[in-house]
Amino acid sequence: MRAFTYERAGDAAGAARAAARPGAKLIAGGTNLIDLMKLEIETPTHLVDVSRLPLAGIEPTPDGGLRIGAMATNTALAVHPQVRARYPVVAQAVLAGASGQLRNKATVGGNLLQRTRCGYFYDPAKPCNKREPGAGCAALEGFNRMHAILGASEACIATHPSDMAVGMTAVGGRVEPVDGEGRTRALPLSELHRLPGDTPQVETALAPGELITAVVLDPPPAGRQLYRKVRDRASYAFGLASVAVAGGQAALGAVAHRPWRATTAEAALAGGASPDEAAAAELAPAQGRGGNDFKIPLTRRLLAAALAGENA
Amino acid sequence: MADDANPIALNRAGLIGKPVDRLEGKLKVSGTADYAYEVMEKPGAAFGYLVGATIPRGKIAGVDISAAEAAPGVLLVWTHRNAPSQPAPGTQSQAGSQAPAQPELYDERIRFYGQTAALVVAESFEQAAAAARLVRIDYEADAGAAVVFDDMHAAARDTGGDEEAQKGDFDAAFASAPAVIDATWTTPVQNHCQMEPHASLCWWEGDQVYAFTSNQSVKRPQHALGETLGIDRNKVHLRARYIGGGFGGKNNSYADLTLSALAARELKRPVKIALTRQQMFHMTVHRPATVQRVRLAADRNGQLTGISHETISHCARADRFMERASAFTKNLYAAPNRRIGHKLALMDLPVAGAMRAPGEAVGMLALECAMDELAEQLGMDPVDLRILNEPDVDPTDGRPFSTRPLVRCLKEGAQAFGWDARIPTPRHTRDGRWWVGTGMAAAIRGNFLLPAKAQIHISAEGIVTVRQAMTDIGTGTYTILAQIAAETLGVPLEEVRIELGHSEWAPAPGSGGSFGAASAGSAAMDAGINLRSKLAALAVGDAASPLHGGDPAKAEFRDGNIVIGNQAEALGDLVRRASPQGVDAVGAVTPDPKGREYSQHTYGGHFCEVGVDAVTGEVRVRRMIGVFAAGRILNHKTARSQLTGGMIWGIGGALHEENHVDPRFGSFVAQDLAQYHVPAQADIAGLDAWFIDEVDDIANPLGIKGVGELGICGAGAAVANAVYNACGVRVRDYPITVEKVLAGLQALEG
């Protein structure tokens, strides 16, 4: 770990200002960032601690949505009565991720901004375009069992590891970043994370220093909700594929560089297609890289079953 | 020893078998047990950090340590260019040496990915770690450094060593049998992933070096360090008080020990080095991958006429350790025609080594599934097939068994599990989205006894202290030695102290191969018996003792007293008066040559129920039991923990554990516990294990057998067989992960 300086932010705009400086980085729960700093994959020279900012509230919005403060812990989110009653897909998704200890520490904002768990990204001795743009991607021809089947590029086939974000993406909503001037904007959840393209090191649409203050979920869509995650063991494993369903909306996880809203399947269903047909349509553009070929039928089956309501 | 003279058999106070809590348990759960890296006896240690090579084979072409040397807090930076001169690897110059020199940073050659290429020592761990990344090393990879990993067959070469296991004419038996199985199983590289990383703390006092390290034995690293430093090994004071898991991966010592000792000498202050979690994957050993072909031949009734088990194991180019996955097949089932074989496939990979139940742990994943396939082909119950092929004597060498309660284990397990309700045809039960099925497998593991000594002391306060150059790697050695000493001397457990992990104390073989309890424990009992003789002689010869003039041969030891006839005296009173400096004795165990005339093993039966997700192919264990036979049980709590821990590992071997080799780099892909999967708590439901009642009087004076590795043996095969019974998919390529089950499910769906 490189030496760094540290400050505790007094307010959100001040945090954004401090974090916009070269080499600075925001830290909240730190459950991902500190691991990356130990490996010198992240080498901030200055940390701006936002964990004590008063942004942990969770409350309904006038239009029937839910405002979730970015500093709410994952645990607080999963057990909140509003979330459990009205957004069970989000509660289930959160609880499908990490471990109790990590969820107690990790925040909602940090969960959205966590980085991929690609093994080559985590190994500084191997080439990675995300770590070192232009270095090449070791996963393309390597061990890519966990990697993306949708929206990947020749530069990067990493996946976004969050479960929570997949549940939120199925519901829809926005994040509210604030900049150093104190200006807050509304950024649709679906536009927060980017596909890798030629610049996999740029993972979100946030400007340098911008601090997510809240996630505002849309009112829950009518209909049932569920989250299902396929993983190599019963707990504490990143997904091989996951699906979130909220009424007529669905999202996929662990298949792309961002939580993947299944708009093709949604449209097909709305047009009268069967769950099998809708799932097949969503996965039609999917592309395997060898080790992850199985994720195409796996995700198709998982999505079809979830759309059909099979969750016994 | 006759039972009426054997305090363990007599078990007067009932301490033998008692589920006593671990003596050091509170220290461990409260974080106050000082593991090597945390020892505070010598404060002011500097922190070392290792740098691993990033090529599989080649040489160091260039080095620039200037930036690292200039970094804050840095005390020392070494590569092969400036490290102290050391004896060549393998040097064994001292008489009776148990281990060769293990020099580090001694030449420019890189022999495997992750090999230690540099050392940085600094005032703090963080400074050392940061400076380590500033060490610039340019490598030149050998042109021929190609890791042949996909094709183990092409790389395989014969090793010999199995000649005695070839019986009859296997080919003829196989060709003429009405029922045959011929299939190949593969198992991947596995890593030990001990909770406690390999770590050492060293300092010098004059020409004497004190070395705290995390190792399964005391003498071996002491001897290795003596050879490496070129000093008399008696000047090496090795300490290994607490070890946070070994599993075979701490049989060896590594760069942390060698380099902390050398750096401490150079800097004239204590130095400690721990491997990081990531470094452990390459800088230590791993279990080799295997390819195993099993062929079975049987008559129509299920009587085996031939067994063949041929294994290819990878190994490092510079080493010959292999996974002898076929070895146990020599002893398990009767069949007149037998072929056992092992081949090595040399790879440019780190050196492999022993990992919990080397051989059986992955070998039984093949043979015990082949037996399941044969039972299905014959329409037989898998338990009945095994019972039918139970041998009367060792099927390879004809020796009698010391004990052989395998059938008892299988029958008791089957009954407890409800095996008779099993439906043999796959895809018979659906519980929601889960296919549900059951499977079983036998367990076998060799039993060993090694020479050991023990020293024992009773103080004027009546406190009994046993000292051994022995280790407790988390298995309960402290506790069972206290039970043995207390029972032998008839004193309360609270008055016994067990002191392990000092190289100066009586030598014991350490913990490994499930031989620790038998070897160290037998020596401890012998020491206790010798101490009893001395105390009896002391009492009868002391005019002030109420036992004066009695017959020492009639002395009994109970409730803290020495008793002859109706006279008794408290041990503390006797010692305080007659020998206030205390009384010492030593004991030893030497394996009785008669033991080698018997085939000695532990046994068991595993029964498992799994669910397989019909949509995704995910496998989850729903319940599992194991019934085992391991001689007399010293402590039913610590022994059961060994079994359940082994079974959980077996579940992991079937479903989770794998490290993928990236042949482009000669490295393992998983380098942390997020990527290297072992079962989580949620993966283990309804697990139970117990022992049947037995004593093995042949095995050792305690009548016990080793339990550390038995639980893993066969456990994964029971899981795999249950997967097939649940969903109709046979996966022979371990671990049984989603993609493999899913491919099978899709094939069945058409």
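These legends describe close-up views of a predicted model. Local features need pLDDT of at least 70, side-chain atom pairs count only at pLDDT 80 or more, and totals for chains, interfaces and linings use all residues. Residues are numbered from 1 along each chain as written, chains are lettered from A and ligands numbered from 1 in the order written, and side-chain values use heavy atoms, without hydrogens and water.

**View 1. The largest nonpolar core holds 84 residues.** Such a core is a set of buried Ala, Val, Leu, Ile, Met, Phe, Trp, Tyr and Cys residues joined through side-chain atoms within 4.5 Å. Buried means under 20% relative accessible area (1.4 Å probe, protein chains only). B:Leu296, B:Val610, B:Met624 and B:Val719 have the most contacts inside this core. Helix α11 (residues 360-378) of chain B gives the most to the core, 12 residues. Helices are DSSP runs of H or I, at least four residues, and strands are runs of E, at least two, numbered from the N terminus.

**View 2. B:Leu296 has contacts beyond its sequence neighbours.** Contact means heavy atoms within 4.5 Å. Leaving aside neighbours within four places in sequence, its partners include B:Phe174, B:Ile181, B:Leu304 and B:Leu374. A second, separate core has 55 residues, among them B:Leu449 and B:Met525.

**View 3. B:Ser579 sits in a loop.** The loop runs between α16 (571-578) and β26 (583-589) of chain B. B:Ser579 is buried, with a relative accessible area of 8%. Leaving aside neighbours within four places in sequence, B:Ser579 is in contact with B:Leu538 and B:Leu574.

Technical notes
Buried < 20%, exposed > 50% of the residue type's maximum accessible area, 1.4 Å probe, protein only.
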